[in-house]
Amino acid sequence: MIWRSWDLNLKVRLFGELITHTFFWMYFPFMAIYFSDTFGKDVAGLLLMVPPLLGMLSNLFGGYLADRVGRRFTMLLSLCTSTVMFALFAFSPSPWIDYIAFIGIGIAGALYWPASSAMVADLTTEEDRRIVFATFYTAMNIGVVAGPVLGSVFFVHYRPQLLMFCTIVELLFAVAVFFLLKETLPEHVRQEKAKERFSLIQQFKSYAIIFRDKAFALYIGAGVLIAIGFMQLDIYMALYVKEHVMQQPLFSWGNWSYSVGGTSAFGWLMALNGFLVVLFTLPVTRWFENWSDRNSLVISSVLFGVGLFLMAFTTNIWLLFGCMAILTFGELMRTPVAQSFISKYSPEDARGQYMGASSLQFSIGRFIAPLTIGLSQWLAPVGVFGVILGLTLVSAYLYIILFRLIGANEVSKSS
């Protein structure tokens with residue numbers, strides 16, 4: 001699917017999400033370090049479990065709103081909320097207000113993604129969906145290239161100014177969505193939903209029906225385990241690099257050298273992750289477009305876990321770059337496949353809710369992931385990374401069971 005032929009909704013969102021994610025990655029990777037330094041590791045680990053817990057409810061509510069009142073309205077609600085929260089963060093007088101604003105930003109993001117994913121599914125065919133999702137993933141990760149490196153300077157030394165720019169960017173994106181985007185929720189679905197009275201009980205009943213689907217429940221379970229691993233890039237890996245990677249030359253020429261260590265080394269690692277994502281998301285998606293969803297998800301889980309585990313055995317920045325390349329390759333294999341899989345699996349009249357329920361894997365993973373901060377008080381790095389590797393291998397096994405079940409269901413339906 002050629003970019004020039006995309007619907008205007010997709011073009012506006014592609015550009016808007018590219019800009020907002022650039023600023024997002026200038027502050028987000030440093031929040032675990034910031035709260036650990038401010039409140040201590042044990043308290044920070046507990047505090048970082050709260051935003052994902054609230055995000056789970058926001059994901060479900062966002063999916064419900066996307067199917068009931070529309071994708072565009074839900075996205076606008078999210079962007080307006082994040083604008084207010086960034087402004088609060090920018091003018092915050094205390095770390096506790098920072099924390100409240102951080103929670104609000106997380107809730108807003110959780111509202112946004114079910115509607116965003118449903119809109120992509122509304123506007124694309126099944127054949128084009130992987131490439132479109134991969135393009136959005138590439139755009140969002142362009143910010144990961146420069147964001148962490150810039151954030152290692154601006155978040156530390158110019159945090160209020162950085163957060164004010166985030167406020168302005170979110171506001172401008174909201175204005176663009178309001179004036180340029182059209183609603184994509186199918187009209188017949190909107191009419192059917194309009195006949196229903198809003199009810200939290202009914203909302204949870206509809207999600208209960210979704211989770212009684214054994215295949216979907218397995219998909220969520222496997223996704224939670226791999227999400228715990230993904231979240232470690234901003235949580236335990238950030239702490240590991242800060243505490244164990246000492247100042248060392250990154251580049252040298254004659255008597256000149258450029259050294260990195262601690263927070264700056266972490267920024268470079270995250271920048272490499274983003275750089276590889278930007279360069280290789282579309283090529284990797286095309287290389288493996290003929291692979292089954294099963295093989296792509298299983299192998300990606302294994303590669304990601306192995307890449308993280310190998311970090312426990314080195315503090316050399318270039319070897320850490322190699323580990324990052326391995327886990328990023330696993331990430332690239334997984335993301336477009338996971339997004340297109342749930343688009344194919346979900347029925348049209350409940351697409352937003354399925355997207356919201358699917359997003360729970362990341363919210364639950366983000367809720368559990370900070371426990372590694374407390375775990376690091378008792379285990380050496382090889383022990384913590386070993387636990388993470390174990391979770392990703394279990395995730396791979398659950399994907400195998402999932403596709404066996406789907407295959408068995410398809411056979412029983414055809415007979």
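Ser-363 is buried, with a relative accessible area of 2%. Buried means under 20% relative accessible area, exposed means over 50%, and partly exposed lies in between, for a 1.4 Å probe and protein chains only. This is a predicted model, where local features need pLDDT of at least 70, side-chain atom pairs count only at pLDDT 80 or more, and totals for chains, interfaces and linings use all residues. Residues are numbered from 1 along each chain as its sequence is written, and side-chain values use heavy atoms, with hydrogens and water left out.

Stay with Ser-363 for a moment. Ser-363 sits in helix H16, residues 351-368. Helices here are DSSP runs of H or I with at least four residues, strands are runs of E with at least two, and both are numbered from the N terminus. Now look for Pro-52. Ser-363 and Pro-52 are 311 residues apart along the chain, yet their C-alpha atoms are separated by 4.9 Å.

Two other residues can be traced in this way. Phe-24 belongs to helix H1, residues 8-27. Phe-24 is partly exposed, at 24% relative accessible area. Gly-106 is found in helix H6, residues 95-123. With 32% relative accessibility, Gly-106 also counts as partly exposed. From Gly-106 to Ser-78 the chain runs 28 residues, and their C-alpha atoms are 9.9 Å apart.

Next, turn to helix H2, residues 31-39. H2 is mostly covered, with seven of its nine residues buried. Those buried residues are Met-31, Ala-32, Ile-33, Tyr-34, Phe-35, Ser-36 and Phe-39. After H2 comes Gly-40, which has a positive phi near 95°.

A nonpolar core is a set of buried Ala, Val, Leu, Ile, Met, Phe, Trp, Tyr and Cys residues joined through side-chain atoms within 4.5 Å. The largest one has 89 residues, and Tyr-27, Phe-35, Tyr-219, Met-237, Met-311 and Leu-402 touch the most other members. Helix H11, residues 214-231, supplies the largest share of this core, twelve residues. The core draws at least three residues from each of domain 1 (1-198) and domain 2 (199-414). These domain bounds come from an automatic or database domain assignment.

What about empty space? Rolling a probe the size of a water molecule over the atoms shows where empty space is left. On a 1 Å grid over the protein atoms alone, a cavity is a set of points where a 1.4 Å probe fits but cannot get out, and lining residues have an atom within 4 Å of a point. Grid points are joined across faces, edges and corners, and a volume is the space filled by probe spheres set on the points. The structure holds two cavities of 30 Å³ or more. The second largest cavity has about 60 Å³ of space. Its lining is made of Arg-130, Val-284, Thr-285, Phe-288, Glu-289, Leu-332, Met-333, Pro-336 and Val-337. Helix H13 (263-287) and helix H15 (317-345) are the elements that give two or more residues to this lining. H15 gives the most, with four residues. The lining divides into six nonpolar, one polar and two charged residues.

Finally, check the cysteines. Cys-166 is buried at 2% relative accessibility, and Cys-323 is buried at 6%. How many disulfides are there, counting pairs of cysteine sulfur atoms within 2.5 Å? The count comes to zero.

Definitions and conventions:
1 Å grid on protein atoms, 1.4 Å probe; cavity = no way out; pocket = protein on both sides within 12 Å on 5 of 7 lines; lining within 4 Å. Nonpolar A, V, L, I, M, F, W, Y, C, P; charged D, E, K, R; others polar. Disulfide = S-S within 2.5 Å.
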